[in-house]
Amino acid sequence: QVQLVESGGGLVQAGGSLRLSCAASGRTNVRFAMGWFRQAPGQERAFVARISWSGASTYYADSVKGRFTISRDSSRNELYLQMNALKPEDTAVYYCNADLIATLGRNYWGQGTQVTVSS
């Protein structure tokens, strides 16, 4: 099992920045990709960004490219999302994801952290 705990959400004005963190614990002695998803009210959970175990490969949703940066410190089992130039449409609950389908047969999710961007 893997436990994920997000932090760093909050209220920010449009154009501002926030940095989300996700701490992983439990069975973290296997290699796995991690990512961020978000869910706005009345919408489905959507992909935001993904990073490989080594950190060498990153992927972003078109809506956040150039504004968000995903990174990780695998030695500390931590994942980050630096969000710059925030827009009101970025308002959502942000979820940390650990992709352990290959090793444990499932994805793991955190409880989510609220990000609210005011106009």
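**A predicted protein model in questions and answers**

Me: Among contacts in the protein between residues at least 6 apart in sequence, what percentage join residues at least 24 apart?
Reply: A contact means heavy atoms within 4.5 Å. When contacts between residues at least 6 apart in sequence are taken, the share joining residues at least 24 apart is 53%.

Me: What kind of model is this?
Reply: Residues are numbered from 1 along each chain as its sequence is written, and side-chain values use heavy atoms, with hydrogens and water left out. Local features need pLDDT of at least 70, side-chain atom pairs count only at pLDDT 80 or more, and totals for chains, interfaces and linings use all residues, for the model is predicted.

Me: In what order do the elements of the protein run from the N terminus on?
Reply: Helices (H or I, at least four residues) and strands (E, at least two) are DSSP runs, numbered from the N terminus. The protein has one helix and 11 strands. From the N terminus on, the order is β-β-β-β-β-β-β-β-β-α-β-β.

Me: What is the radius of gyration of the protein?
Reply: The radius is taken over C-alpha atoms, and the globule rule is 2.2 Å times the number of residues to the power 0.38. For 119 residues that rule gives 14 Å, and the protein comes close to it, so it is as compact as a globular protein of that length. Along the principal axes, the C-alpha atoms fill a box of roughly 40 × 30 × 20 Å. The radius of gyration itself is 14 Å.

Me: What percentage of the residues of the protein count as buried?
Reply: Buried means under 20% relative accessible area, exposed over 50%, and partly exposed in between (1.4 Å probe, protein chains only). Of the 119 residues, the buried share is 41%.

Me: How many salt bridges does the count come to?
Reply: Side chains of opposite charge can pair when their charged atoms come close. A salt bridge is a side-chain nitrogen of Lys or Arg within 4 Å of a carboxyl oxygen of Asp or Glu. One of them joins Arg-76 and Asp-73, with the closest N and O atoms 4.0 Å apart. By this rule, the number of salt bridges is six.

Me: How many residues apart in sequence are the parts that Asp-90 and Arg-38 tie together?
Reply: The side chains of Asp-90 and Arg-38 meet in a salt bridge, at 2.9 Å from N to O. Asp-90 lies in the loop between strand E8 (78–83) and strand E9 (92–100), and Arg-38 lies in strand E4 (residues 33–39), so the pair ties together parts whose separation in sequence, in residues, is 52.

Me: Which residues do salt bridges that share partners join into one network?
Reply: Asp-90 also forms a salt bridge with Arg-67, the closest N and O atoms being 2.8 Å apart. Arg-67 lies in the loop between strand E6 (58–60) and strand E7 (68–73), so this pair ties together parts 23 residues apart in sequence. Both Asp-90 and Arg-67 are buried. The network formed through shared partners consists of Arg-38, Arg-67 and Asp-90.

Me: Is Ser-75 buried or exposed?
Reply: Ser-75 is found in the loop between E7 and E8. Its C-alpha atom is 15 Å from that of Val-2, 73 residues away in sequence. At 69% relative accessibility, Ser-75 counts as exposed.

Me: Near what value is the phi of Ala-85?
Reply: Most residues other than glycine have a negative phi. Ala-85 has its place in the loop between E8 and E9, and is partly exposed, with a relative accessible area of 38%. Its phi is positive, in a residue other than glycine, and lies near 50°.

Me: What distance separates the C-alpha atoms of Val-117 and Gln-13?
Reply: Val-117 lies in strand E11 (residues 113–118) and is buried, with a relative accessible area of 6%. Leaving aside neighbours within four places in sequence, Val-117 has contacts that include Val-12, Gln-13, Ala-14 and Asp-90. Val-117 and Gln-13 are 104 residues apart along the chain, and their C-alpha atoms are separated by 5.4 Å.
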